[in-house]
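Me: I am new to this structure. Please show me how to read its features one at a time.

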Amino acid sequence: MKKIVSITFLLSLIILTMCSQSQKIIYQFNGEDTPYFRDWLLCGPFPNCPDCDPMDYKHDERCKGFYTDYLESIGGEQDVLPQNTTEINLLDLGIKRSWFHYHSETDKIPFNSIFEPNDMVVAYAFCQVNSNNQQKAILSLGSNDGIKVFLNGEKIHENHPLDGRWLQKDNDYVPINLKEGVNNFLFKVDEGTGDFGLVVRLLNYDSTKTAIRNNLENPSALKCRQRLRQRRKEKKNILNP
Ligand SMILES: [Ca+2]
């Protein structure tokens, strides 16, 4: 099993490398859990709520940027197919941005150190996944703060916590259907203040579903995980989410 996973991982890296050279970010999914995605096409920042008071900020309808499609000029959030250097020119706002390739040294993509300004803004991340079959998968992600996800022209996920949230791996499990061949993923992350970022990977559908069910049906294991999470949170409670 380890050998198969290693070969899959190696194949993913080879395909990613080849595509990076042609300015595309394409991951391979053959049904096995993938590593966290560290290569992305990114674009931003765009205004989220420039007039909001950072000291009294809630992620609600005031997050105009979260509900504004800044990609209309290049196909819109649902259908965009950006390339490295694709430009967005928002004349009415006096904002010009270009998509660019970013390789992260960490699993969590540190938007906070990539984008400037990095408070009260939104930013986009795009990648493609080549699936060897039409198949189900679990999109596993974390974001700080809110998130919208579009897959092959459809919005498949939105989570906009009123008080923001920590950037944690595997916060949201989203069941998805991948088509055979290339699948297009667009992620939109909104930010109030403090930390800002995204973390993404794909998981095997059946084994993840079984693991979730085991957690639900085994309260003692669930309590143990909750205690562990609480201890981690107490350790980290210095930063603003
Ligand atoms: Ca934040």
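Reply: Start with the elements. Helices and strands are DSSP runs, numbered from the N terminus. Keep in mind that this is a predicted model.

Me: How many helices and strands does the chain have?

Reply: The secondary structure comes to five helices and twelve strands.

Me: Where is Asp33 among these elements?

Reply: Asp33 sits in a loop. That loop runs between β1 (26–29) and β2 (39–47).

Me: Is Asp33 buried, exposed or partly exposed?

Reply: Count the other C-beta atoms within 10 Å: 20 or more means buried, 12 or fewer means exposed, and in between is partly exposed. Asp33 has 17 such atoms, so it is partly exposed.

Me: Which residues does Asp33 touch, leaving out those up to four places away in sequence?

Reply: Asp33 touches Leu203 and Asn204. Asp33 and Ile138 are 105 residues apart in sequence, yet their C-alpha atoms are 9.1 Å apart in space.

Me: What about contacts across the whole chain, between residues at least 6 apart in sequence?

Reply: Of those contacts, 74% join residues at least 24 apart.

Me: And how much of the chain counts as buried?

Reply: The chain has 241 residues, and 32% of them count as buried.

Me: Now the backbone. What should I expect of phi and of peptide bonds?

Reply: Most residues other than glycine have a negative phi, and most peptide bonds are trans. Now look for the departures.

Me: Which residue is joined to Gly44 by a cis peptide bond?

Reply: Pro45 is, with omega at about -5°. Pro45 belongs to strand β2. There is also a cis bond from Asn144 to Asp145, with omega near 5°. Asp145 is in the loop between β7 (135–144) and β8 (147–151).

Me: What is the phi of Thr85?

Reply: Phi of Thr85 is near 85°. That is a positive value, and Thr85 is not a glycine. Thr85 lies in the loop between α2 (76–79) and β3 (87–90).

Me: Is Thr85 buried or exposed?

Reply: Thr85 counts as exposed, because it has 11 C-beta neighbours inside 10 Å.

Me: Let me try Asn152. What is its phi, and where does it lie?

Reply: Asn152 has a positive phi of about 50°, although it is not a glycine. Its place is the loop between β8 and β9 (154–159).

Me: Why is Asn152 called partly exposed?

Reply: Use the count again. Asn152 has 16 other C-beta atoms within 10 Å, so it is partly exposed.

Notes
Residues are numbered from 1 along each chain as its sequence is written. This is a predicted model: local features need pLDDT of at least 70, side-chain atom pairs count only at pLDDT 80 or more; totals for chains, interfaces and linings use all residues. Helices (H or I, at least four residues) and strands (E, at least two) are DSSP runs, numbered from the N terminus. Two residues are in contact if their C-beta atoms, placed from the backbone, lie within 7 Å.
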